[in-house]
Amino acid sequence: MTRLKSDFLNLLQERGYIHQCTDLAALDHKAAQGVITGYIGFDATADSLHVGNLVGIMLLRRLQQTGHKPIVLMGGGTTKVGDPSGKDDVRQLLSDEVINTNIASIKTIFTNFLTFGTGHRDAHLVNNDDWLGTLGYIPFLREVGKHFTINRMLTFDSVKLRLEREQPLTFLEFNYMIMQGYDFVELHKRHGCTLQMGGSDQWGNIVNGVELGRRMRELEFFGLTTPLITTSSGAKMGKTAAGAVWMKAERLKPYDYWQFWRNAEDADVGRFLKLFTDVPLAEIEKLEKLRDAEINEAKKILAFEATKLAHGETAAKSAANTARETFEGGGKGENLPTFEFPRSSAPAIIDVIMSLSFAASRGEAKRLIEQGGLKLNDRPVTSLTATITAKDLDKDGTARLSAGKKRHAVVKGV
């Protein structure tokens, strides 16, 4: 591996973040000479980001760790349009009120990863609705639209793949890449930003922004993307049978977040430690050599360090203690997911499974039972019509429900 000049790109290279760069040598030179300002955009389609967004958040963290200035661009404006990248369906249009509520919620996630303030290298959060929301349509087309050709836009995967699959692509969505390119120009004008980063699926949009800066203002912009992050088995990062792995505690308890990382495949542990934690590379190299049962210690470190970044050290310690009580002590850790029901009732166990997100559908819940994967108080549940009653509870009024070996919850009668 050839060592680069800048601490920033060396760190990215050593930890496996770099997939494509518009001009790696020139960016490396610029980053070695002084402070650069870089950004990543996040649309506000939900009130939380998920683990699929985490590599982008960590990129901004690495930028700041090596002495540069990160900008978090919230897509208050572009969310009204919808990014067609990787989508087959037209996004549901959200109201301004919902978008603003989502942005306010998402802001809190970044404070755990970045240092915000007014200093030269402090992170800054910006909303692109500040400029996109005030654009005049005809002036915008005359100033910016003339730099984009339909021929070129049709070659980008976000458009081409959608058309090849004969899925509808609205004219509204077709404008997304123009708006994203214009964001880059506007961020340079307002904040001196010269670097846009993102996932590999954003390469076309990022290149558009780099080229737009050159055509409109003769600016030197740079684009950098990360590889598509998948598990060793090929699954999309951040997706589980129960759905997205959310980063807000209100969406997903810190224990469940910890457990997601603890359940990483053996072959992924070293790579995920590099990408998603601050564990030193020398220590990761030692952990990567662990095999068989010993690899579980590396997984616990991964889970603890990733949870500490997202939810704080106290939450990470609590999650680790709960896991230890549950798995090693055979108990019911106090922070396990809990399903409460009136003792006078008898909830169907399939409904309990769905409520706890042990399955993404009723069909999946049924298969879990049929395949012997569900246990109540360590005894297999064999009936699809099984219920939980007061007789299943211990003297504390609780029972333990397990899906496979790694997902556990407490059922409590009240």
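Biologist: What makes helix α6 the element that gives the most to the nonpolar patch?

Modeller: Helix α6, residues 137-143, gives three residues to the patch. Helices here are DSSP runs of H or I with at least four residues, and strands are E runs of at least two, numbered from the N terminus. The model is predicted, so local features need pLDDT of at least 70 and side-chain atom pairs 80 or more, while totals for chains, interfaces and linings use all residues. Residues are numbered from 1 along each chain as its sequence is written, and side-chain values use heavy atoms, without hydrogens and water.

Biologist: Which residues make the nonpolar patch, and why can Leu141 belong to a patch?

Modeller: Tyr137, Ile138, Leu141 and Phe171 make the patch, about 440 Å² of surface (Shrake-Rupley areas, 1.4 Å probe, only the protein chains shown counting as cover for residues). Leu141 lies in helix α6. Its relative accessible area is 35%, and patch residues need over 30% and no salt bridge, with nonpolar side chains (Val, Leu, Ile, Met, Phe, Trp, Tyr) joined within 5 Å and like charges within 9 Å. Leu141 therefore passes the area cut-off.

Biologist: Why is Leu141 called partly exposed?

Modeller: Buried means under 20% relative accessible area and exposed over 50%, with partly exposed in between. The 35% of Leu141 falls between these limits, so the label is partly exposed.

Biologist: What makes the contact of Arg61 and Asp278 a salt bridge?

Modeller: Their N to O distance is 2.5 Å. A salt bridge needs a side-chain nitrogen of Lys or Arg within 4 Å of a carboxyl oxygen of Asp or Glu, so the pair qualifies. Arg61 is in helix α3 and Asp278 in the loop between α13 and α14, 217 residues apart. Arg61, at 15%, is buried, whereas Asp278, at 31%, is partly exposed. Arg62 joins these two in a network of salt bridges.

Biologist: How many salt bridges does the structure hold, and what separates Glu186 from Lys189?

Modeller: The structure holds 19. Glu186 and Lys189 form one, at 3.3 Å, N to O. Both are in helix α10, three residues apart, which means about one helical turn between them. Glu186 is buried at 4%.

Definitions and conventions: Buried < 20%, exposed > 50% of the residue type's maximum accessible area, 1.4 Å probe, protein only.
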